[in-house]
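Here is a friendly tour of one protein model, with the cut-offs given along the way. Please have your viewer ready.

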Amino acid sequence: MKVSLLVTVYNVRDSLPVTLASIEAQDYEDMEAVIVDGGSTDGTVELIRQFAAKMADRQGLCVRWVSEPDEGLYDAMNKAFRMSTGDVVAVCNDILCKPNAVSSLVDALRSGGPHCIGAHSDLVYVEGEKIVRQWRMGQGRISQGWMPGHPTLFLRRQVYEKYGFYDTSYRCAADYEFMVRFLKDERNILAYVPEVLVAMFYGGTSNAGLGNYLVSFKEGYQALKKNGVPRPLWITLKRTLRVLLQFSHSGREAGGA
C-alpha cells in the first residue's frame, strides 16, 4: 500500500523542519509527501525545496509540492489530496512521534477486516517539549460524543472518493464534518492503535483560543445536523465534555509520551 502524507503549510518556517524530519525518519518504504504551501514569505518555500532535493534520490519516499495562493487550510487539504496518488491518505501537519508510526497504522488497517476503512491512534498536543493535552482515543461511536483524532487518521483512498472532500465553508470544523460523513454509517470500521503516534502543535485551527473554540462548537453541531445525526446538540455537549477531560497541565516532556 502506498501512503500519501498531505502536508499543508503557510509561513511555518520554525515548525516545518520538525514535521519533515519526522516524515524522513519513518521506516515505511512506500510513501509520498505531498506538500501544499499557500504562498509563504518567511522562508518556508526554501525549506520545502531543500527537503524535496534531499529526498530526490531516496528510495521509498518521493516529494510532490506546490507553492501558490489558496483559500485556506481546507482548500489546501483538498488540493493536496488531488495531487496525491497513494492507496492510503493521511494529513500530516504535525509530528509523527515514532519511526514506525506509519507502518503501525498501515498494519492495523490491513488487519482490520473487510469493513475497515482506516486506522487511528492516540494523540498528544504539545507546546515545545511540554504536553498540554492527551487524547487517549479508544473506540466509540458518534452518538457517545466520540470521534478519532483527525491528525492520526489514515484512510483508504476510496473514503475520499465515496464521501467527498473537506467542506471549505467551515472555518474550524471541516475535518470533523468530513469524519461525521463516513462514521455515521456504523458499518465503517476504524482500526485502533493504542499508542501515541502523533504529536500535534497546540494552537491549531480548532483550538487556538476561546473564539475559535466557540466557532468549532457551533460548526460541530451544524455538521451533525447537516448529516442527519440524531440529537446533535446532546452529542456536541458530550463531545465537549470529552475534550475538557483530555486536558493535562502536568508539564511532562513530549518525549515521554
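The report below covers strands, a helix, salt bridges and surface patches.

## Ground rules

The model is predicted, so local features need pLDDT of at least 70 and side-chain atom pairs count only at pLDDT 80 or more, while totals for chains, interfaces and linings use all residues. Residues are numbered from 1 along each chain as its sequence is written, and side-chain values use heavy atoms, with hydrogens and water left out.

Let's start with strand β4 (residues 88–91); helices (H or I, at least four residues) and strands (E, at least two) are DSSP runs, numbered from the N terminus. V88 and A90 point one way and V89 and V91 the other way, and all are buried. Here buried means under 20% relative accessible area, exposed over 50%, and partly exposed in between (1.4 Å probe, protein chains only).

Strand β4 pairs with β1 (residues 3–9) in the parallel sense over four bridges; two strands pair if DSSP finds at least two bridges between them. In this pairing, S4 stands opposite V89. Strand β8 (residues 154–156) runs antiparallel to β4 and is joined to it by two bridges, with R156 opposite V88.

## Helix α6

Helix α6 (residues 174–183) is mostly covered, with ten of its ten residues buried. Among them are the charged-type residues D175, E177 and R181, along with Y176, F178 and F182.

## Salt bridges

The count comes to 13 salt bridges, each a side-chain nitrogen of Lys or Arg within 4 Å of a carboxyl oxygen of Asp or Glu. One of them joins E32 and K2 (3.4 Å, N to O). E32 lies in strand β2 and K2 in the segment before β1, so this pair ties together parts that are 30 residues apart in sequence. E32 is buried at 0% relative accessibility, whereas K2 is partly exposed at 21%.

R157 and E161 form another, with their closest N and O atoms 3.7 Å apart. These residues are four apart in helix α5 (residues 157–163), which means about one helical turn separates them. R157 is buried at 16%, but E161 is exposed at 55%. Salt bridges that share partners also join D167, E177, R181 and K226 into one network.

## Surface patches

L233, W234 and L237 make a nonpolar surface patch of about 310 Å². Patch residues have over 30% relative accessible area and no salt bridge; like charges are joined within 9 Å, and nonpolar side chains (Val, Leu, Ile, Met, Phe, Trp, Tyr) within 5 Å. L237, in helix α8 (residues 232–246), is partly exposed at 41%.

A negative patch is formed by D27, E29, D30 and D87. D30 sits in the loop between α1 (16–24) and β2 (31–37) and is partly exposed at 35%.

Note on methods
Areas by Shrake-Rupley, 256 points an atom, 1.4 Å probe, with all protein chains shown as cover. Charge placed at Lys NZ, Arg CZ, Asp CG, Glu CD.
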